[in-house]
Amino acid sequence: MLTKDEIQSLLHSTETYRVERTVSTGNMDKFCEAICAFANDLPDSRKKGYLLIGANDDGSLSGLKVDDALLTKITAIRSDGNILPLPVMNVERVEFPEGDLLVAEVSPSLLPPVRYRGRVFVRIGPRRDIASEAEERILTERRTAYMATFDATPCLGASLDDLDLDYIKTAYLPSVVDAEILGQDKRDIKEQLASVRLYDRTHDCPTYGAIILFGKNPRYYMPGDYVQYVRFAGKEKGGEVLNEKRFQGPLYNMLPALESFVRDAIVTQRPVAVSLFREKTVINYPNNTLRELMMNACMHRDYQSNMPIRLYQFDDHIEIMNAGGLYGEARPENFPMVNDYRNPIVAEAMKEMKYVNMFNQGVKRVQDMLRENGNKEAAFDVSKLTVFCVEVYSNEEDVSQDINDETTQKTTQKTTQKTTQSLSNVQVSILEYVQSHPNASRKEIAAGIDGITEDGVKYHLQKLQNQGILKRIGPDKGGHWEIV
């Protein structure tokens with residue numbers, strides 16, 4: 001708050017856009033409109049405005065005696081909900097020999113436009129008025145400029161010692177700045193970091209983005225900055241915990257470790273027989289799908305939350321959940337067509353480090369890869385305000401349903417293990433044909449398989465019988481083939 005000398009100077013000030021004098025003590029609308037106008041600071045002076053109650057227009061005092069009731073009434077303006085966003089203000093009684101003065105000091109809002117009962121008030125010189133459409137647009141654009149995202153705000157208390165400067169200098173800066181320009185840059189490291197929004201000059205400290213990306217211990221400043229992996233038995237969270245792992249540290253270290261773990265520990269592949277001597281490699285989850293979803297979770301999460309990113313694995317599906325729902329222009333009705341970035345500095349750095357592409361194609365790529373692998377499409381839950389959740393289902397059960405019944409499958413797998421490597425493609429084709437046509441003659445087999453004569457069929461049938469793979473039951477006419 002101002003001193004008495006400064007207040008007396010304001011009483012007679014020519015800076016009329018910063019001062020409103022009044023002798024009225026009961027016109028609450030007038031007071032609220034004045035406070036709203038000061039908070040909007042249309043001239044963008046970045047200076048505080050002052051409502052002086054108990055002063056005449058010429059700056060002389062009216063002889064007002066400010067009691068506690070009036071002081072309480074004016075103070076209550078701040079939080080009664082009629083002015084939104086809530087103004088930053090301070091109210092004080094100042095005593096002079098000629099009378100008291102009630103001074104309401106109002107700071108310019110960082111979130112304009114400020115409204116009083118839905119209307120935007122501004123000061124134009126000595127006059128207070130409702131903002132025009134153009135003036136309201138100016139305030140709205142200013143709000144966008146003022147609103148720094150969390151990763152751009154200063155991490156107060158942090159210093160350069162909290163960052164891995166060796167990695168930044170040798171790996172990151174050369175990847176985002178042209179080599180020739182970087183070679184000519186003689187500025188100190190603080191200035192270089194500030195140029196890529198990793199350092200706040202005003203507060204002389206790294207930004208949260210720098211700590212998230214390159215901090216030695218990000219969880220010291222953001223306790224929820226880690227990934228929690230849990231493997232549950234069964235299909236629900238109530239199952240026994242089979243494995244648990246925590247990934248933490250700066251993103252430049254954590255992302256490669258997370259990427260390797262997903263590829264080596266979660267993604268599995270196994271051969272499944274789909275016919276007599278043919279196998280299909282079944283992958284439970286496409287590796288790039290889980291990678292894409294985890295990278296997006298790290299990029300879009302709310303780092304102010306104490307909730308970690310949750311990577312939960314069940315028998316039949318994966319659940320990924322991160323703090324922070326849809327952000328900015330992205331809403332349930334336009335997801336996934338519209339995207340916005342909660343952490344633009346982190347997103348830009350992850351793009352430079354080749355972890356994401358920022359082309360708003362992530363969800364489409366995920367669904368395409370799942371379909372190609374035979375999985376169901378991922379289920380995105382965007383209805384929650386504070387979290388973002390996606391479930392990805394394994395395709396192993398679906399593949400099993402497409403394979404023949406259990407008896408046939410066991411026989412096929414047993415035979416495959418014994419003979420696949422020793423059989424020619426022609427012999428495999430003959431076996432597949434006689435499996436579905438056990439009564440076929442040599443002539444019929446030759447007609448049913450391209451590129452082989454009846455004599456060739458006779459030759460290969462004899463070889464298969466000699467190897468104990470194929471057996472003839474009954475006479476040539478009226479008998480049938482049986483695969484051992």
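**Entry 1**

I note here that the model is predicted.

**Entry 2**

I went to strand 1 (residues 19–22) and asked which of its residues are buried. Val19 and Arg21 on one side are buried, and so are Glu20 and Thr22 on the other, which leaves both faces covered. I wrote down the general rule beside this: in a regular strand, side chains alternate between the two faces of the sheet.

Strand 1 pairs with strand 2 (residues 49–53) in the parallel sense over four bridges. Threonine 22 has isoleucine 53 in strand 2 as its bridge partner. From strand 1 the chain passes through helix 2 (residues 28–40) to reach strand 2, and I recorded this β-α-β crossover as right-handed.

I followed another open sheet, with six strands in the order 12-11-15-16-18-17 and mixed pairing. Its edges are strand 12 (241–248) and strand 17 (379–381); each has a single partner strand, so one side of each lacks a neighbour in the sheet. On average, neighbouring strands here are turned by 15° against each other, direction ignored.

I looked at one pair in detail. Strand 11 (residues 226–232) and strand 12 are antiparallel, with seven bridges. Phenylalanine 232 has valine 241 in strand 12 as its bridge partner.

I then listed two helices that lie across these strands. Helix 9 (residues 251–266) lies across strand 11, strand 12, strand 15 (309–313) and strand 16 (317–323), and runs at about 160° to strand 12. Helix 10 (residues 287–300) lies across strand 11, strand 15, strand 16, strand 17 and strand 18, and runs at about 15° to strand 16.

**Entry 1: cysteines**

How many disulfides does the structure hold? I found zero. Cysteine 36 is in no disulfide, and the nearest cysteine sulfur, that of cysteine 32, is 9.0 Å away. Cysteine 36 has a relative accessible area of 0%, so it is buried. Cysteine 155 is in no disulfide either; for this residue the nearest cysteine sulfur belongs to cysteine 205 and is 6.7 Å away. Cysteine 155 counts as buried because its relative accessibility is 0%.

**Entry 2: serine 394**

Where is serine 394? I found it in the loop between strand 18 (387–393) and helix 13 (396–402). Is serine 394 buried or exposed? Its relative accessibility is 13%, so it counts as buried, the cut-off for buried being under 20%. Leaving out residues up to four places away in sequence, serine 394 touches Asn284, Tyr285, Asp316, His317 and Asn375.

**Entry 3: confidence**

I checked the pLDDT last. The protein chain averages 86, and 91% of the residues score at least 70. Over residues 399–421 the pLDDT stays under 50, and for this stretch the model has 20 contacts beyond four places in sequence.

Key
Residues are numbered from 1 along each chain as its sequence is written. This is a predicted model: local features need pLDDT of at least 70, side-chain atom pairs count only at pLDDT 80 or more; totals for chains, interfaces and linings use all residues. Side-chain values use heavy atoms; hydrogens and water are left out. Buried means under 20% relative accessible area, exposed over 50%, partly exposed in between (1.4 Å probe, protein chains only). Contact means heavy atoms within 4.5 Å. pLDDT is the predictor's confidence in each residue, from 0 to 100. Two strands pair if DSSP finds at least two bridges between them. Axes are lines fitted to C-alpha atoms, for helices over the stretch in contact, and angles run from 0 to 180 degrees between N-to-C directions. A disulfide is a pair of cysteine sulfur atoms within 2.5 Å. A crossover is right-handed if, with the strands pointing away from the viewer, the path from the first strand over the helix to the second runs clockwise.
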